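Here is a short briefing on one protein model. The points are grouped by topic.

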Amino acid sequence: MPQAPPGTRIACSRSKSTHIEIITLTPEGLQNTLDVPVYGRISALRLFKPQGASRELLFVLTEHYRFFVLQFDPATGAPVTRASGNASDTIGRPVDNGQLGILDPECRAIGLHLYDGLLKVIPVDDRGGLGAEMFNCRLEELCVIDMAFLAGCPVPTVAVLYEDAKHARHVKTYAISMRGKDLEEGPLAHQNLDAGAGMIIPVPAPLGGAIVVGESVVTYFSTSAPQYQRSAALRQTIVRAYCQIDDDGSRYLLGDYLGGLHLLVLACVDGSVVGLKLQHLGTTSAANALCYLDNGVAFVGSRSGDHQLIRLHSQPVNGGAAAAGGGGGSSGTGAAEAGGGEDAAAAAGGGVAVGPGPSSLAAGGGAAAAPAGGSGDERDGGAGPCYVEVLDSFTSLAPILDFAVQDMDRAGQGQLVMCCGTLRDGSLRAVRNGIGLNELNCVELAGIRGVWALRPGWRDAYDRLLVMAFVGETRLLAIDEDDELGEVELAGFDSGRQTLLCSNTLHDTLLQVTGAAVRLIESSGARCIAEWSPPEGRTINLAASSPSQVLLSTGGGALTYLEVQEGGLVVRGTATLAAEVACLDITPTTGGSREASQLAAVGSWSMEVQLLRLPDLAPVATQPLGSEQVIPRSVLLAGFEGSHHHLLVGLGDGTLHSWRLDPAAGRLSDKKQIQLGTKPIQLRTFASGGVNYVFAACDRPTIIYSQNRKLIYSNLNENEVNFMAPFNSASFPDSLAIAKEDSLTLGTIDAIQKLHIRSVALGEQPRRLALQDATRTLAVATAGLLGGMAPSGAAADRGQLLVFDDATFDRVASYPLAAQELPCSLCSVVFAGDDTPYYALGTAVVKPEEYEPSKGRIVLLAYRGGGKLEAVESKEVKGAVYAMQPFQGKLLASVNSKVHVFKWVPAGGSGAAELVSETSTPVQVLSLYLAARGDFILVGDLMKSLTLLMYKAAEGSLEVRARDLDSKWLTALAALDDDTYALADNSHNLVVLRNNSDAATDEERARLQAVGCVHLGQFVNAMRHGSLVMRLPDSELASIPTLLFGGVEGAIGVMASLPQDLYALLERLQAALERVVPGVGGLDHATWRAFRDERRSEACRAFIDGDLVESFLDLSPELAAQAVELMGPGHSVEDITRRVEELQRLH
């Protein structure tokens, strides 16, 4: 993207295959602004600004040959489609090296390389429109590696990097005749480049020309007469990404496949390039996209590790190299920052410059002692100076290679333990839903009826007192001089009555409300300085306060409004409502004031919520709650994201109602309803990191916050919370006081987000993972730093089995593999007759001369505790052990094309045992995946889809029962039930097959029938049964089985088997939403979800798109009503909203 002046907001786009994420650079860092779902897999993104356009435009190309141009509309905060089209051709062979979308620097044309031997040209007008007819140009080069438009040419000119039939690589240019719709010979042609040349970088005017990046050399080619070239040696590597630093194209950042970050400088004299200089800057996540922002700050987008925001320094940083992949964090602080935006040339003394002048970064010979990840060999981390500081990391799970579901608290809520990342970015990730509470202190106290924290004074930062209400009494805990929390008695408090409310006031006094009186207490708590009591015969039932106001309910619908003044309480208003008051709130919402509220929210026994104006208590708005049986128990005026206000009402049955609130007009709109739990809700606000949150205490406590003006609900991983108060002290910073039925807990909470991800960097390529509950460990099989691709099979890059504690993720043991041996499968197994749990590791010996491995091993390892991992058995097999599965006290394994059942047999009288193959059967081409259910075994083949085997225990044999006769290249499989199986293929589809065991004929019984299919748009690597959320026992969907899946893009998906009536309802809703919610870029949802592979396509069937259905909750009231109307009679917006919110709780 183009460079922006300092201090401006910069929006960059990064695609996550099916989403475009708009990220804005602010003084606080990068913030997510917009997430745009796309009905297609994005293959190219190009940002451009034609001369006649007022704003930058974004060109998007999808893998299914659809393209469109987006423009951001600041008024609506959403993208607008400026143009769209279909670039597919009826004939042509799709490219093998990936689609290419390139843009002319002068914005005259867009080039698409979609089919071998063809370049499709889309003319672009001065305003960014794609009005003229696109056309194809014939290319002589059939194996195109990369291409780019050159700058400074009178007509659009494209440079093509290609490989010939002898695997030599060359570069050639073509000028595009827009009138003749043909290609003409261009100004540049060079033969026999570096054998690993894989990237063309166009150099902007006035220099012009192109840079070709190879594996060991970088070469600049000029296009001006006389033509010349300049080269620089590059340490052997593969460059995956680049970005331009300066407008004149004199400096570039290059990112390689191991995370190395390099600076390339074009040294210029009199407008000509006289040399190239390369400098290794440090290590980041392996970059697949780089974007230089400004002032030495760049964004690193990665498909194999975390995304990072980095800063380049002019001197080596102190600390360490920028952490790659799962590590994250800062690498230290350096000297001067690297600037940007001005011309720069090569620095003197053999160094190079990243900044506004040649002395900005002098990376000469003997700089400073280097952190890890410097200019040494990428494979061993290097030891040279590092100029990279990681400012922030953005978690990415891509790619998910394998995962297991771990039930940590045995309560049904799973935690996913995953192998993620590639090569150096490999990591172990623990993913869980909800927010964890880190307990600091816990006291057994039964019967707490309320809890509040008090500061010594209004402007004090820390809380000193914790007030707890019980039936008939009030107790106080205070922070003493030793920063310890102990019980105290203060004369100013009425300890003989139950407290209804406590708070700080503006005038450095404390407020206590009991059933008998409102008491104003001096800040020390020593004495009461003012008191207000209700009229005789009345008691205070409910109270709410702001720093300068108190609102009371004294029974019979009577309300009294008091103002807190210095030294006293003054009645400012009274009113009597038609129904008894159930809950109150006067949290300030208007004018940015934290001192006084202009509105009061009142919930009543008439099942209504009212807004009253203060101080006269005149009604402003009334909303029915739509419940005849359940009264509201808590109401809250909540402010999020600055000026984003909501009215929240919690009912006695765990239901939460919410409205958008316009405080100035007192208007409520956009009602939403969600079921948080089954017991009464108590709402309280708290702040963390300057952001406001709402805590909903109930049997399933929930933290509510706003993101992109949408309310997000995250579960706290606790249950049965009655009350909460924020408590921030020097000894308990940023804590929450949480009261349960029999205890009071002080603790801090995790970062507030939907999913929480814990990362353990491995620094090598993970392959497979297995959990072992009996030993409370987990094992990860790795393939070394280079994934088994080390040229010499050096010991330093051998694979190994790593064993971790499953709670702390501390490494406790390891087992090394032999040279050229790669791990292929891993599971935990307990054999019949032997209670010892074993890790079974399947391997393959990979030899360059073998097309398919002819040798492998099954290794049984027992973890004995104390860091001891014992190899009990090592059995050689004739091939790669692609998959293993525990099976009826035996071990099921696929070796090349065969499926074996191994049993654990005692060997002689020594007490030892050995693995013996009980039976085996050949299946298809390569048996890559296994799943078992009862006596049935599912075998997933490389090319031949699914085969169903049956194990006959009495005979000790395997029998083929049925096959899927439609060839599919499988990537994952799982059994949904005894007769229904889910598959994922390499065309990004999900398919459900059924075993027709009750069919009439043998032919029908031998064929697996496809009963459902959908185009998922994600490459799935693994499927596992389980759930990330805890189900409510009385929920309608509590018994619905769910299947989790994850894959290359790092997305976690959920597949749920729905009852027929719910499926029929959601199918009608999906059809209605397809008409109401248009796809961005004019893309059609039904077309996107249709099954397709290389041979055929068919409409999606028996699947509901949960993402589309849940988008109903984000619709405006008008569009929601329109969608419900399209569903037909018998439905209401409230009913559909409730059903979709219930469905949302499945994940």
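Leu 278 counts as partly exposed at 23% relative accessibility; the cut-offs are under 20% relative accessible area for buried, over 50% for exposed, and partly exposed in between, with a 1.4 Å probe and protein chains only. This is a predicted model: local features need pLDDT of at least 70, side-chain atom pairs count only at pLDDT 80 or more, and totals for chains, interfaces and linings use all residues. Residues are numbered from 1 along each chain as its sequence is written, and side-chain values use heavy atoms, leaving out hydrogens and water.

- Leu 278 sits in strand E23 (residues 272–283); helices (H or I, at least four residues) and strands (E, at least two) are DSSP runs, numbered from the N terminus.
- Beyond four places in sequence, Leu 278 is in contact (heavy atoms within 4.5 Å) with Val 218, Ala 232, Ala 233, Leu 234, Leu 254, Leu 263 and Leu 264.
- Val 218 is 60 residues from Leu 278 along the chain, and their C-alpha atoms are separated by 9.0 Å.

**Ser 920**

- Ser 920 belongs to strand E71 (residues 913–922).
- Its relative accessible area is 32%, so Ser 920 is partly exposed.
- Neighbours within four places aside, Ser 920 is in contact with Lys 898, Val 899, His 900 and Leu 958.

**Thr 474**

- Strand E34 (residues 473–479) contains Thr 474.
- Thr 474 is buried because its relative accessible area is 3%.
- A polar atom of the Thr 474 side chain lies 2.6 Å from the backbone oxygen of Arg 497.
- The Thr 474 side chain also makes a polar contact with the side chain of Thr 499, at 2.6 Å. A polar contact is a pair of N or O atoms within 3.5 Å; within protein, one must be able to donate a hydrogen and the other to accept it, and residues adjacent in sequence count only if both atoms are side-chain atoms.
- Residues up to four places away not counted, Thr 474 touches residues including Val 467, Met 468, Asp 494 and Gln 512.

**Nonpolar cores**

- The largest nonpolar core has 37 residues. Such a core is a set of buried Ala, Val, Leu, Ile, Met, Phe, Trp, Tyr and Cys residues joined through side-chain atoms within 4.5 Å.
- Ile 20, Leu 1069, Phe 1112 and Ile 1136 have the most contacts inside this core.
- Helix H2 (residues 1060–1076) gives the largest share of this core, eight residues.
- A second, separate core of 26 residues includes Leu 465, Val 467, Ala 478 and Leu 511.

- Strands E72 (residues 927–933) and E73 (residues 936–941) run antiparallel and are joined by six bridges; two strands pair if DSSP finds at least two bridges between them.
- Tyr 929 stands opposite Gly 940 in E73.
- Two residues lie between the strands of this hairpin, and Gly 934 takes a positive phi near 65°.

**Cysteines**

- The structure holds zero disulfides (pairs of cysteine sulfur atoms within 2.5 Å).
- Cys 291 counts as buried at 10% relative accessibility, and Cys 583 counts as buried at 3%.

**Whole protein**

- The protein has six helices and 84 strands.
- Of its 1147 residues, 56% count as buried.
- Among contacts with a separation of 6 or more, 51% involve residues 24 or more positions apart.
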